[in-house]
Amino acid sequence: MANLREIKTRINSTKKTKAMTKAMQMVSASKKARAEQNAKSYVPYMEKVQDVVASIASGATDVTHPMLSSRPVKKTGYILITSDRGLAGAYNSSVIRGLVNTLNERHKSKDEYVILAIGRVGRDYFVKREYNVIDSVIGLPDQPSFSDVKAIARKAVGMFAEGTYDELYMYYNHYISVISSEVTEKKVLPITNLVPATEGVSASYEFEPSAEAILEVLLPQYAESLIYGAILDGKASEHAARMTAMKAATDNASDLIRNLDLVYNRARQAAITQEITEIVGGAAALE
Amino acid sequence: MKTVQVNIVTPDGPVYDSEVAMVIAKTVSGEIGVLPGHIPLVAPLTIGGVQLKNAEGKSDFVAISGGFIEVRPDKVSILAPSAEVASSIDLARAQEAKARAEERLKGKKDEVDFQRAELALKRAINRINVHEGNV
């Protein structure tokens, strides 16, 4: 049996770990609440943009725009949204696994696609394995505002326009609830099957100056807002995943401490019993 | 007086929601005034101020950084990357941003940076103007 002091040290260190995971859990919980709020307040904007884009694109059939038309796919772009830090349970590994599986399924060689990594974990994973990571963003704040994301979104849309890739997908964790999120693939570009988010949008618009000019402004904005929406969604599930992971860690630490306490008490009891036996034995020998 | 519902929405949430008698906005092809019952219209906006006149003839001003306006007979929506109601504009911060952008315009010759600084300057000036109520 381990000696008393060793067990005591272990109990103490586990207690300290527990205090830390507990604190991280609470930090994540409050961040999660904010992130959820952000994602929610973003919905009206997204729906509106989608409505207008859908009604323009469907209303004016003679309108063409490079972002609306599919072209032969020579190269595919993938945006991967992960977190910058670990300790978030399966948050990062599941989305990375999802992307890797798809890549293996769809492509024969690494030349057929490029990756845009948002988040350090994803970037490091793919850079280390020598995938084609053409751009990466790390150090996004926990509550990204639109201006934080604009640069990467604009770049991603710009590279499609320049022909760096012919279609663009996003991989991220869609927030469902605190305990569950879902790896989601979303096609960003070209923009296809647009459906109005709300019913009853069939107004045929006047365009000022012209439908083409409006699509020119609107479509990049739409694609950018899709990406921003995914990042917000990803952030919400990141904080939720971290919160759950930290809760599990805290619970584990509690279990461990309880067991160690038992072992400690048993050892202490044994030591006392042994001492008494020795004293009694010593006294008996003197008689 | 007839009124129309106006929504100003940004990615960071709704900024303005009210019944107004008239909307005056700056589109890329010029200034437009929208009254209730306007035919459906979509137009991109430039960086500028939007004036919203309510039924009593009082005006609210909102600084807009681009985006577009969607008009329907009973509803007007403005979607912009960012928008600030005049009363909530932080003047000191806007002036700081203006000074920063001017500084950068002097220094940089790189075209992309130049454009960005120019846009930043426009936005800052717009915010200051809207705050002071001259649109």
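A salt bridge is a side-chain nitrogen of Lys or Arg within 4 Å of a carboxyl oxygen of Asp or Glu. This is a predicted model, in which local features need pLDDT of at least 70 and side-chain atom pairs count only at pLDDT 80 or more, while totals for chains, interfaces and linings use all residues. Residues are numbered from 1 along each chain as its sequence is written, chains are lettered from A and ligands numbered from 1 in the order written, and side-chain values use heavy atoms, with hydrogens and water left out.

Over all chains, the structure holds 16 salt bridges. Start with A:Lys32 and A:Glu36. Their closest N and O atoms are 3.5 Å apart. Both residues lie in helix H1 (residues 4-59) of chain A, four residues apart, about one turn of the helix. Helices (H or I, at least four residues) and strands (E, at least two) are DSSP runs, numbered from the N terminus. A:Lys32 has 11% relative accessibility, so it counts as buried. A:Glu36, at 25%, counts as partly exposed. Buried means under 20% relative accessible area, exposed over 50%, and partly exposed in between (1.4 Å probe, protein chains only).

Now move to helix H5 (residues 211-286) of chain A. It holds both A:Glu238 and A:Arg242, four residues apart, about one turn of the helix. These two form a salt bridge, with the closest N and O atoms 3.1 Å apart. A:Glu238 is buried at 2% relative accessible area. A:Arg242 is buried at 7%.

Another salt bridge pairs B:Glu70 with A:Lys48, at 3.7 Å between the closest N and O atoms. B:Glu70 lies in strand E8 (residues 68-72) of chain B and A:Lys48 in helix H1 of chain A, so the pair joins two chains. Both residues are buried.
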